[in-house]
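Biologist: Please take a close look at one strand of this model and describe its surroundings in a connected way.

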Amino acid sequence: MRSIAHISDLHFGRIDPPVAEALVDDLRLHPATLLVVSGDFTQRARVGQYTQAAEYLKRLPVPQLVVPGNHDVPMYNFIRRFFFPLTRYRRHISQDLSPAFQDDELFVLGANTARSFTQKSGWFAKEQLTEICRRLSAAPPGLTKVLVTHHPFIPPPGHPRENILRGASRALTAFEHCGVDVLLAGHLHRAYHNDVRSHHVGARQSVLSIQAGTATSTRRRHDPNAWNYITLEKDAVSVEVRAWDGRKFVQSSVSHYGRVEHIWLREM
């Protein structure tokens with residue numbers, strides 16, 4: 001069995017300091033195989049915000065796998081936005097926009113979905129999707145395969161028009177030929193999870209999509225700050241949402257999924 005501590009949407013420039021400090025402690029109390037950060041390290045991609053985010057990452061457990069989000073692309077500096085969109089991210093956070101982690105049970109691949117030509121939306125370039133499938137296909141058989149993006153593949157329950165990954169259905173069709181078991185994302189500051197087929201009715205493959213809330217930002221959108229502690233086996237996944245209660249992070253909910261005949265089913 002392997003475990004992933006999944007945090008997202010830190011938004012340095014708009015963080016809640018007591019929450020950020022408590023998160024450091026809670027992550028140490030819940031050690032995981034891998035820490036995943038699914039984007040939006042900064043609020044406006046400014047140097048000072050990136051510096052703070054980089055120093056904060058040094059305090060968090062390793063190994064880490066990180067991907068950028070739409071807020072990590074400069075908004076108002078148009079030269080940087082269109083010609084050097086992730087220069088500061090690569091300088092301060094990670095040079096690698098397609099990071100990977102692998103051990104004898106788990107293969108985790110990160111992919112950048114942040115784009116210069118939109119403020120909120122994200123998508124895969126055609127050649128990027130081809131490379132993702134190549135790398136997923138090349139992973140040794142028997143590993144649980146996880147793909148990390150900033151933009152989610154499915155919307156929150158009851159909000160079908162929320163901003164999800166553009167071209168998600170096309171990507172899911174491509175994944176049918178290269179294999180992916182679990183998707184991790186953030187972006188909407190909501191903690192939720194489900195089979196992708198709950199929204200993409202044409203999808204033939206059952207893939208479990210797990211979104212994290214905002215870990216440290218004041219931009220909570222009616223949900224508390226939260227992060228996910230995920231345990232993974234080949235045909236079983238548990239998602240524990242740990243939410244801020246005003247003093248500390250506590251267990252908010254735990255959901256268990258089992259895969260039966262290639263279909264992810266939530267256990268009641």
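Modeller: Two strands are taken to pair if DSSP finds at least two bridges between them. In this predicted model, strand β1 (residues 2–7) is joined in that way to strand β10 (residues 226–233), with five bridges in the antiparallel sense, and within this pairing Ala5 stands opposite Tyr229 in β10. With strand β2 (residues 34–38), β1 pairs in the parallel sense over four bridges, and here Ile4 stands opposite Leu34 in β2. The path between β1 and β2 involves helix α1 (residues 17–29), and β1, α1 and β2 together make a right-handed β-α-β unit.

These pairings belong to an open sheet of seven strands with mixed pairing, in the order β3-β2-β1-β10-β11-β12-β13. The edges are held by β3 (64–67) and β13 (263–266), each of which has a single partner strand, so one side of each is left without a neighbour in the sheet. From one strand to the next, the twist averages 20°.

As for the burial of β1, a residue counts as buried when its relative accessible area is under 20%, and six of the six residues of β1 are buried, so the strand is largely enclosed by the rest of the structure. In a regular strand the side chains alternate between the two faces of the sheet. Both faces of β1 are covered, with Arg2, Ile4 and His6 buried on one side, and Ser3, Ala5 and Ile7 buried on the other.

Notes. Residues are numbered from 1 along each chain as its sequence is written. This is a predicted model: local features need pLDDT of at least 70, side-chain atom pairs count only at pLDDT 80 or more; totals for chains, interfaces and linings use all residues. Side-chain values use heavy atoms; hydrogens and water are left out. Helices (H or I, at least four residues) and strands (E, at least two) are DSSP runs, numbered from the N terminus. Axes are lines fitted to C-alpha atoms, for helices over the stretch in contact, and angles run from 0 to 180 degrees between N-to-C directions. Buried means under 20% relative accessible area, exposed over 50%, partly exposed in between (1.4 Å probe, protein chains only). A crossover is right-handed if, with the strands pointing away from the viewer, the path from the first strand over the helix to the second runs clockwise.
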